Amino acid sequence: MRILVVEDDAEAATAMVRGLTEAGHEPTHAVDGAFGLLEAQKGGYDVYVVDRMMPRLDGIGMVETLRKDGDQTPVLFLSALGEVDDRVAGLKAGADDYLVKPYAFSELIARVEALSRRRETGSVATMLKVGDLEMNLISRSVHRAGREIDLQPREFQLLEFLMRHAGQSVTRTMLLEKVWEYHFDPQTNVIDVHISRLRAKIDKGFDHAMLQTVRGAGYRLEP
Amino acid sequence: MKLPSLLRRTPFRLTLLFLALFAAAASAILAWVYFASAMEASSKAERDVRAEMEVLTGIYDARGLDALNMAVIDRTLTGRYEYLLMDKDGARITGSLSISPFETFEGNRQWITFPFTDTLPDGTVVRPQVRGVQVRLAGGEMLFVGASLIDTEAYLARLTQALWAAMGIVLLLGLAGGILVSRNLERSMGRLGKVVTAVQEGDLKARAPVRNSGDELDELGAGLNTMLDRLEASMASIRHAGDAIAHDLRSPLTRMRAKLEVALMDAEAGKIDGVDAVQLALDEADSLLKTFNTVLAIARLQAGGAPDTRLFDAADLAADMAELYEPASEDKGLEFSAEIERGLMVEGNQPFLAQALANIIDNAIKYTPTGGAVMLRARRRSSGEIEYSVTDTGPGVPEADRERVIERFVRLDNSRTEAGSGLGLSLVGAVMEAHGGRIILDEGPGAYGGFGPGLRVALVLPAAQ
């Protein structure tokens, strides 16, 4: 995946470029919003990772310009400002996701991959299929290997998110934000308990466990 | 060029302006008094003269010219008026005047005012105005009767003098008052200014003297003091927060250091993988960052209130939280229940309120031993306020400590050993304060069978308007 990293902090940028490269992506670094804009206009990127505060052209200005030019490439905002209104301002400017510094690298990778995935599955699907697990979004029913699985509404949403990001790590924070739509720190890992209940329903009785724990990152649904 | 310092002072300049306006108004009033008095004096003279003329023409009509002549002679010697009796050609017959003040006399009756020179018995010469009337008698003779306005003039002169003196006194007193007031004000302002200067120089303890007299300067001083109190308190709070941060960061830093050292030894001895050691260090770094973020959030809430507030249903939030935490609670072997009234609109920052509610639910789950119960309620109080409450059957918080745990950065000794930054309730307190609400800690359901007495934490929010 080609990723444009727009970040004025050289050290953070170096770490990010290295991490993304090791995760199998092709990152390119731009030192501020103006260079970022030039680079983005060359095209060919799958995701932009943009620091919110930069000299010359800041992240908001850069993303607003891109969106005005009709560039719909997903944008992940990075910011040291964690307040809710900052998040709202960032999303309003056209960013697709928002990550507060400092962040765990696994969180960044997971979000970047989630953004690119979202773009691929832009069309409206009525059925999701991962391995032998099938989800009908119209009848809201789930089957694994032909056997019906009864899920609570939240478990259904949780599984839907995991299926849409199958093969890809999702973090606990991402799940809280995207499935529960809350932005706060739940203190204990309440998400883990929900996952283990879901896991009991979709994996119990099958020889192959689909819902896997990714150490230091979160979870991944494998076919 | 610089004005003298007094003239540059606002109170004094205001006094001068006020005095100028006052002097203009006083002049107008004095002028009116003067003209009214002059008019009154002149018309009184006319009335007197007219009456005297009536008497004399009466004598003439009844007893003829000779009688009138006699009367005029009599009155000239004793009377207060000036007389002149003339024949029909205007030649003097008798009287105090030698010639008529009229150069030409047309008609039967004519009024005139003219200057008259008189020598008083003591020899002084006066030149009063005389106001008089001349009439033609039935036989063609002419009679003039005039009254000197000398008394009136003296009266008006005295009046004018008095008025000028009064004006002078008013201006002098006003000026003196102005200086006094401006000095006074300057002194009071100076006291306030001194406090401001002291604070500028870093002495936050400086306070303006307040006499509780209720005047504006006193109020200003009191306001300044309140502001300084608040400033000092928040400075103290920041200092306190700084100490607390230092303390909160020191423990995990110390732990991290120790763990890294152990990990290094273990790795050197080949007991563990270097990766595990680094993972441990990362976990510790994460917990440090979490503490730091919480401290920052508290500081921002205290400084700026709740950001980005909107109207939402507190019941929905409670239901979501119950749904989110119920599995974790049940996994720990706690009975979790929720009682949520519908339609509890509040205005607030939803993520912060979610965090606050999460913190108290998390505390309840954390501190309640297996087999206990946790209950979440959301309801409208009879006062109309919205109340979230979480009741548990854990060990509770001793009554003496309840106030303290709500205070910022205070941790009970027995909770220091528990996981967590210890800032949870502080953040809840800050969130509630920023929303104009409050946090109440109370006894739970009481002690029974090894449980309890429990704790009930209520978050009270003002209802949306």
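How many bridges join β9(B) to strand β11 of chain B, and do these strands run parallel or antiparallel? The legend to the first view answers this, and each of the views below shows a part of a predicted model.

**View 1. The mixed sheet of chain B, with the pairing of β9(B) and β11(B).** Six bridges join β9(B) to strand β11 (residues 373-380) of chain B, and the two run parallel. Within this pairing, B:Glu335 has B:Ala373 of β11(B) as its bridge partner. The open sheet to which these strands belong has five strands in the order β9-β11-β12-β14-β13 (chain B), and its pairing is mixed. β9 (335-340) and β13 (438-443) of chain B are the edge strands, each of them pairing on one side only. On average, and with direction ignored, neighbouring strands of this sheet are turned by 15 degrees against each other. Helix α7(B) packs on the sheet, where it touches β11, β12 (386-392) and β14 (455-461) of chain B, and the direction of α7(B) makes about 15 degrees with that of β12(B).

**View 2. The packing of helices α7(B) and α9(B).** Two packed helices are described by the angle between their axes and the distance between the axes. For helix α7 (residues 350-367) and helix α9 (residues 424-434) of chain B, the angle is about 145 degrees and the axes are 9 Å apart. The crossing in which α7(B) passes α9(B) is left-handed. On the side of α7(B), the contact is made by B:Phe352, B:Leu353, B:Gln355, B:Ala356, B:Asn359, B:Ile360 and B:Asn363, while α9(B) contributes B:Gly424, B:Leu427, B:Val428, B:Val431 and B:Met432. By residue class, this contact of α7(B) with α9(B) comprises eight nonpolar residues, four polar residues and no charged ones.

View 3. The largest nonpolar core holds 107 residues, of which A:Val49, B:Met321, B:Leu357, B:Ile361 and B:Val431 touch the most other members. Helix α7(B) gives the most to this core, with 11 residues. Leaving aside residues up to four places away in sequence, B:Met321 touches B:Ala354, B:Leu357, B:Ala358, B:Ile361 and B:Leu376. A second, separate core has 20 residues, including B:Val49, B:Leu56, B:Tyr60 and B:Ala147.

**View 4. The side of chain B that touches chain A.** Across the interface, 22 residues of chain B are in contact with 20 residues of chain A. The elements that give two or more residues to the side of chain B that touches chain A are α5 (274-304), α6 (314-331) and α7 of chain B. Of these, α6(B) gives the most, with seven residues. The residues on this side of chain B divide into nine nonpolar, six polar and seven charged.

View 5. Strand β6 (residues 129-136) and strand β7 (residues 142-148) of chain B run antiparallel and are joined by seven bridges, with B:Val135 standing opposite B:Leu143 in β7(B).

View 6. Chain A has eight helices and 12 strands, and buried residues make up 38% of its 223 residues. In strand β3 (residues 47-51) of chain A, five of the five residues are buried, so the strand is largely enclosed by the rest of the structure. A:Val47, A:Val49 and A:Asp51 point one way from β3(A), whereas A:Tyr48 and A:Val50 point the other way. Strand β1 (residues 2-6) of chain A runs parallel to β3(A) and is joined to it by four bridges, and the bridge partner of A:Leu4 in β3(A) is A:Tyr48. Four bridges also join β3(A) to strand β4 (residues 75-79) of chain A, again in parallel, and here A:Val49 has A:Leu76 of β4(A) as its bridge partner.

Definitions and conventions. Residues numbered from 1 in each chain as written. Chains lettered and ligands numbered in written order. Predicted model: local features only at pLDDT ≥ 70, side-chain atom pairs only at ≥ 80, totals over all residues. Axes fitted to C-alpha atoms, helices over the stretch in contact; angles between N-to-C directions. Left-handed = near helix turned anticlockwise from the far one by under 90°. Contact = placed C-beta atoms within 7 Å. Nonpolar A, V, L, I, M, F, W, Y, C, P; charged D, E, K, R; others polar. Core = buried A, V, L, I, M, F, W, Y, C linked by C-beta atoms within 7 Å. Buried ≥ 20, exposed ≤ 12 C-beta atoms within 10 Å, placed from the backbone. Pairing = 2+ DSSP bridges.
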